[in-house]
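Here's a quick briefing to read alongside the coordinates. Have the viewer open and follow along.

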Amino acid sequence: MRPYLAIIKDSFHEAFASRVLWILLILITLGLCALAPLGFRSEQLTEFRQGDFLNARAVAREMLRQYEAGLSSPGLRICGQLPESARKMMAEFANEEAEGRSYFEQLRQVLDAWNELLKQPDLYRQQDWADVLLGNEARELLERDAAQLSSEELARLNRLLIQIPYEEHFRPQPPTQMVITYAGAGISPPIRISQRRLTQIIEQIVIPGLISFVVGVIAVLAAIVVTSPIIPQMFDPGSLSLLLSKPISRSLMFLSKFLGGCAFILINVTYLIAGLWIIAGLRFGIWNHRLLLCIPIFLFLFVIYYSVSAVSGVIWRNAIVCVVLTVLFWFVCWIVGVAKGVFEQLAVESQRIVRLVQAGETLIAVDEQGTTKRWNTQEREWEQVFVQGEQGPMGRLLGPVYDTSGNMLLAAPVGNHGLFRSSSTLLQGKESDGWRSVEGPALPEGTFELLPDPHGRLLAVTTSGIEELSGEMESKPALQVFFMEIPQSLGKPFRFAGPEPKLKLAAPTAASVRLPTGDVAIYSRGKLLVLNRRENDYVPGETVEVPAEDPEQGAAIAWGGDTIVLALGDGRLLTYDASTLQLINESRPDERSEPRWVVASQDGRWFATVLHNATLYLLDTAQGANASWQEAEVRGQGDISAVAFSADGTMLVADRAQRVSQYQPESLAFISSMAPPLTGLEIAYYYFLIPLHAVFPKPSELDETVQYVLKGKETTDLGMSGGDLQAKRAHWHPWRPIRSSLIFVLIVLTAACVYIQRQDF
Amino acid sequence: MSHAPAIEVHELHKTYRDGLIFPRRFHALKGVSLQVAQGEIFGLLGPNGAGKTTLVKVLLGVVRKTQGTAMLLGRPAGDRLGRRSIGYLPENLRVPRHLTANSALDLYGQLSGLSSGEIRRRRQELLESVDLASRAKDSVKKYSKGMLQRLGLAIALLHRPQVVFMDEPTDGLDPGGRAHVRQVLQRLKAEGTTIFLNSHLLQEVEMVCDRVAILDKGIVRRIGTVDELAVNQLEGLKIRLQLIGREADVRAALDGRADYQMKTLGVEAYELTLRLTDQAGVDACVDSLRSHGLSIVGLERHRISLEEVFLELLGLKTDKS
């Protein structure tokens, strides 16, 4: 080994003797020094802003109602402290249905008035907040002498005093806001996310992006140029004969030279990533040791390109040819990746079925865009019916729910982050009308789930409780606010069905109904509760705390028979006894991902979950205490996007974008398949691009490996889902680029070794 | 040390192919056979394109033979173990520019299988022997061609090889440096090292080589000591005589021989140059001249140079001939 180690060692000497290395190291040092002063500071959330509210009008209305009642209440005190003009303005804002610019203008003026109150040292009067549960933070501030509070603490206290009584109309907000700083000076407006979320974004988006660009592009390109002469120089007649006359293997000599060439990038990458790791740790408190694992990944990225450069050097012995061919290879890899991505989006992802609903005899599917389709058994194809989805990644379709009494579908498209999520319009489509979509009434405020009731009608689960669709559905034209439409109803088609007192559920939320009893299970920010149906109303049932590290993580819930399964964003699946809410089982079927959907069979025996990495797991509750989640042996594992149980007890599984297969859940025996013929795009994708992509090296996809290494999971929402577990997540394939690229590198290097071994020099 | 010849080549052929689809063939070696004994300094001569470098590369294992046998110290040429005992000084040696003399010796010493300790022990002595000790820590970027050549010699000798191949070892050296290299070669010979010298400097080869082979168009045209080559090639001795007497007597004495040249030096004074097979022929010639009354005022036996042999053999004329 000594001779080969000597060659590698010499390569390090050569790298250190290179001026380019030192220039790059200086540039990296300058870059790191420029980044080092970056930081953030946490400020208490005080000032009211438009985005803080789910419904600011409702807050104003409620305050004024209390004020006019004249009884001790937060509204009496708050409005009492406002000048007359401000109260008048609030009243106009609360009662008038202003549109567009005037709505926002009024809101701004109301918020200005409320923000003025934040400075008031004596806003709190015990009798006015006597009936309000103020919470630990407000209580701790109140226990201190008001004179001792800093202006920021006083403003925070007053904000809490104004917000807490009307909490249900506010968006859930962290108690602090973040300001990005540079050398201590703020360089960004306050960002209303928690420190935890900010560090997640830095860790999952900013750092990988920075490393991918600086190391994956700039450093690798520089290294390709700098190392390109190493192999051609080896073939210089004046030095090659001397090397070949030594008692060493030609192949190993070449491989040692190759490894030695990697020394250059190793030095640069190690310095840069270690520097970033230290800055992220010292300045942002992110001591993610996994960041250091990016060093071998980027070294491998360079190895892929350098293998092409090296084999070109062996054959043509010219550094310029090496650089040109390597850049050409880079370009071809990029083209293949882009082509695959474009075809995937056009032919597959936009069509991918994510929900299945049995509507009588008709199977309805919802795709990733929120478009609903009907399976046409004669034509054997999916026909677009009911909703033409345009939700995109920021939207979601509530439902569809099949209303058996009216033989129609009900659904509501909502935006995840929009101001008016609570004001969506309910859409209805009757089978007799060819499932054509007709606008119905506005959804109740704070609706986050649509469920069927025992009579086949609709339940809207809101942040206050259950609203039942009882009246006739009618609507009036939507209210035009600026460039948005606020739907509104004339009548009252929804009836509040309990519980009393009203709930104050905080996002993230999820709900499921047990049929035929109609009991509803709700998850809300670390709490699981059951609402039992008594006659036509709901009364509170059992409640249990769900311990979770991240209270903002999303959840999904399924209730079947006597079992409730709660799926959490951290990947856990919790099984509860429905009557006692006693935890029966906690498991995490796949450490690499987290559940997206969880469904139950109507008899409550079977539960199925589809993870974000497109694998399907089944739970058979008939096995009692021994029941555990098992990866289902069905076709398409790794490409499964939806699962449902039909009324006859069979299981429907969607894979390969648009193919739905029917299985017998107990034996997993295949029954039938609903798969439309492939389109030209799909044929090109499945039979040309996929095989080409599979065998091609994928250096650009090593970003996915980096993401996986940093997060330790194959799927991530990149902090964009807003706690919605059902929102599509990025699915990394960390080993795919490693596998194909490693095979490529081995083939290329083997070919180079064979060539060198057989060639006369 | 085995008693096998240092180098043994028999009916060695090498054919190069060029081009993938319609390969062209070039026969660089056409049945070369030679032997070099251990401890011998052997010179290989030949014009450009004769196949000298190919023969050396086959022996070093850099190029694969097409046919025949090539053995080095009893092992097949190119064998990795055999290469442990080989030192090589290539023509136009290029040492990587980031190295110093010390680090170059470290690198190539380790490539030859030496430990760092062994290299450190040998390094100083070798650098002194090639007069580079004072520049040992300087980057080779600052070296002259002659210094690089001397460093190459040190690299070739670092691991105490039994056989050293040298390609133009005195190239780029000044006369003093050349003399120094010759001393090194003689010292190596005294130590029993076999040296295979590939050089264009015929005088040097003549001065240091025990035996010489002349290679032309892939064929060994002559092989032997310089003297043997001269005799074999020119078939006799060349003598020069200064005579006093009549021209007619001179011609009569030579008795109709055609292979002589006669130059008039003055009145009845001539210089006669002629080739004779051996000393008996010289004696007979002197007797004949004397019997014709000619006075012999000078007789000079001319030694035939290797260059003359070389040029004559390759069909090239020299001024001297």
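What follows is a short tour by topic, from the overall picture to a few local details.

Keep in mind that this is a predicted model: local features need pLDDT of at least 70, side-chain atom pairs count only at pLDDT 80 or more, and totals for chains, interfaces and linings use all residues. Residues are numbered from 1 along each chain as its sequence is written, while chains are lettered from A and ligands numbered from 1 in the order in which they are written.

**Chain A overall**

- Chain A has 17 helices and 35 strands; helices (H or I, at least four residues) and strands (E, at least two) are DSSP runs, numbered from the N terminus.
- Along the principal axes, the C-alpha atoms of chain A fill a box of roughly 100 × 75 × 50 Å.
- Of the 761 residues in chain A, 44% are buried (20 or more other C-beta atoms within 10 Å of the residue's own, with C-beta atoms placed from the backbone).
- Among contacts in chain A with a separation of 6 or more, 60% link residues 24 or more positions apart; a contact means C-beta atoms, placed from the backbone, within 7 Å.

**Where B meets A**

- 25 residues of chain B are in contact with 19 residues of chain A.
- On the chain B side, H1 (52-60), H2 (80-83), E6 (86-89) and H3 (101-111) each give two or more residues.
- H3(B) provides the largest share of that side, at four residues.
- By class, this side of chain B has twelve nonpolar, seven polar and six charged residues (Ala, Val, Leu, Ile, Met, Phe, Trp, Tyr, Cys and Pro count as nonpolar, Asp, Glu, Lys and Arg as charged, and the others, Gly among them, as polar).

**The chain B sheet and its helices**

- Six strands of chain B make an open, mixed sheet, ordered E6-E7-E8-E3-E9-E10; strands pair if DSSP finds at least two bridges between them.
- E6(B) and E10(B) are the edge strands, each pairing on one side only.
- E6(B) runs parallel to E7(B) (residues 163-167) over four bridges, and Leu89(B) has Met166(B) as its bridge partner in E7(B).
- H5(B) (residues 145-157) packs on the sheet, touching E6 and E7 of chain B, and its direction makes about 170 degrees with that of E6(B) (axes are lines fitted to C-alpha atoms, for helices over the stretch in contact, and angles run from 0 to 180 degrees between N-to-C directions).
- Ten of the 13 residues of H5(B) are buried, including Met147(B), Leu151(B) and Ile155(B).
- The buried residues of H5(B) pack against E6, H3, H4 (116-129), E7 and H6 (175-190) of chain B.

**A helix pair in chain A**

- The axes of H2(A) (residues 19-35) and H12(A) (residues 250-284) come within 10 Å and cross at roughly 10 degrees.
- That makes H2(A) roughly parallel to H12(A) (angles under 35 degrees count as roughly parallel).
- Leu21(A) and Ile28(A) of H2(A) are among the residues making the contact, as are Phe264(A) and Tyr271(A) of H12(A).
- The contact residues divide into eleven nonpolar, two polar and no charged.

- The peptide bond from Gly399(A) to Pro400(A) is cis, with omega near 5 degrees, and Pro400(A) lies in E8(A) (residues 395-403).
- Glu500(A) to Pro501(A) is also a cis peptide bond, with omega near -10 degrees; Pro501(A) is in the loop between E17(A) and E18(A).
- Trp435(A), not a glycine, has a positive phi near 60 degrees and is buried, with 23 other C-beta atoms within 10 Å.
- Leu73(B), not a glycine either, has a positive phi of about 50 degrees and lies in the loop between E4(B) and E5(B).

Methods:
Contact = placed C-beta atoms within 7 Å. Buried ≥ 20, exposed ≤ 12 C-beta atoms within 10 Å, placed from the backbone. Parallel < 35°, antiparallel > 145°, perpendicular 65-115°, else oblique.
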